[in-house]
Amino acid sequence: MEHPENSSEYAGLQVNAGVAQPTIVNPYLNKMRKRRQVLFTVSEYVEGILKGDVTRLSQAVTLVESTLPEHQTVAQEVIEKCLPFSGNSIRVGISGVPGAGKSTSIDAFGVHLLDNYGGKLAVLAIDPSSEKTKGSILGDKTRMEKLSVHPKSFIRPSPTAGSLGGVARKTRETIILCEAAGYNNIFVETVGVGQSETACHSMVDYFLLIQLAGTGDELQGIKRGIMEISDGIVINKADGDNIDRANLAATQFRNALHLFPMPESGLIPEVRCYSGFYGIGIDEVLQMIFHFIDHVKANGYFQYRRNEQAKYWMYESINEQLRNSFYYNPVVKAKISQAEQDVLGGKVTSFVAANRLIDSYLNELRGNS
């Protein structure tokens, strides 16, 4: 639009058009989005992982955790090609009640391990997902202040995403990728509730249970089923005025452990006291783990346990595939709502409704075969 001030009547006065205001939307936003969506080839993922490229490893783990079919296809090929380069690490599962100091302890254990024994460490921290919003905070990394900036560490928080017991569904596959990337030490932190400990125990070589003083007497220790699968128990926060209580708790746990049958490993779990916050007794805990690993490698239990774990996860994969195939079947999806109404209305029992849905599913499969 022409400015009237520029007419001949106003000689000597010049008004410029001005500068156009920039858009409030970042012009590079679409380019950034497109760049994030680019998938590399299987060979590019594998090459980057074997070179120890942390960025490429993180991208591959994201594919593993994705539920998109196209991502899963690429992820499974990457895992298959990385499998021959895996299996050369020590896998340690770490569990304990909320507030026991798992993240703080992992920070202390990890830094001490890397600084004094060398190697590389991958920490797979499992964060519980909300049942209402399905979201996760993924904030465990903030508690590992020293380890998160260590050049030889890789920390990956993952949501449970509704998987049974709180252990992320793809954690075992992530372990394979981390081992192929050269990480010879793997820490798996569980959320410390429900059946997550059993699932975690089925993917690690050593299961460490973190306890606190004052959680119960010997009888309480006997009742806890998690102690039956623990390879070692440590009492955290053994510092200051709490040292005597921690030592008393350790004695009670040792007495309780002697009432259990001898584990298949051939070693009664040891009990140690330490302080993750003040870094007291850290090396003793690591030595306890190393002693166990050396013992089970010598008597053959180490390989036996890994073979049993491989079979366990084969059956778990079968169960998961069958469950998904059933619930995503179009016939089942069409009938399941009516089956729910019949059960709620008292027309049929839960067992009859389930059998009818399974029969419909099997008949559908027979018809397509």
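Me: What makes the reach of helix H11 (residues 243-257) close to the expected one?

Reply: H11 has 15 residues and spans 21 Å from its first C-alpha to its last. The expected span is 1.5 Å times one less than the number of residues, and for H11 that expectation is 21 Å. Helices here are DSSP runs of H or I with at least four residues, strands are runs of E with at least two, and both are numbered from the N terminus. The chain has 15 helices and 7 strands.

Me: What kind of model is this, and how are its residues numbered?

Reply: It is a predicted model, where local features need pLDDT of at least 70 and side-chain atom pairs count only at pLDDT 80 or more, while totals for chains, interfaces and linings use all residues. Residues are numbered from 1 along each chain as its sequence is written, and side-chain values use heavy atoms, with hydrogens and water left out.

Me: How do you know that the buried residues of H11 line one face?

Reply: Let's start with the word "buried": it means under 20% relative accessible area, with exposed over 50% and partly exposed in between (1.4 Å probe, protein chains only). In H11 the buried residues are Ala246, Ala249, Ala250, Phe253, Ala256 and Leu257. Seen down the helix axis, they fall within an arc of 125°, so they line one face; the arc is taken from the directions from the axis to the C-beta atoms. An α-helix has 3.6 residues a turn, so residues three or four places apart point the same way. The exposed residues Asp244 and Leu248 are on the face of H11 turned away from the buried side.

Me: Why are Phe277 and Tyr278 called an edge-to-face pair?

Reply: The structure holds 10 aromatic pairs. Rings of Phe, Tyr and Trp (its six-membered ring) pair if their centres lie within 6.5 Å; planes under 30 degrees apart are stacked, over 60 edge-to-face, and the rest tilted. The centres of Phe277 and Tyr278 are 5.0 Å apart and their planes are at 85°, so the pair is edge-to-face. Tyr312 and Trp313 are also edge-to-face, at 5.2 Å centre to centre and 90° between the planes.

Me: Why do Phe277 and Tyr278 count as exposed?

Reply: Phe277 has 66% relative accessibility, so it counts as exposed, and Tyr278 counts as exposed at 55%. In the other pair, Tyr312 is partly exposed at 31%, whereas Trp313 is buried at 14%.

Me: What makes Arg56 lie over the face of Phe40?

Reply: A charge sits over a ring if NZ of Lys or CZ of Arg is within 6 Å of the ring centre and within 35 degrees of the ring normal. Arg56 lies over the face of Phe40 at 3.9 Å from the ring centre. Lys120 has its charged end over the ring of Tyr183, 4.3 Å from the centre.
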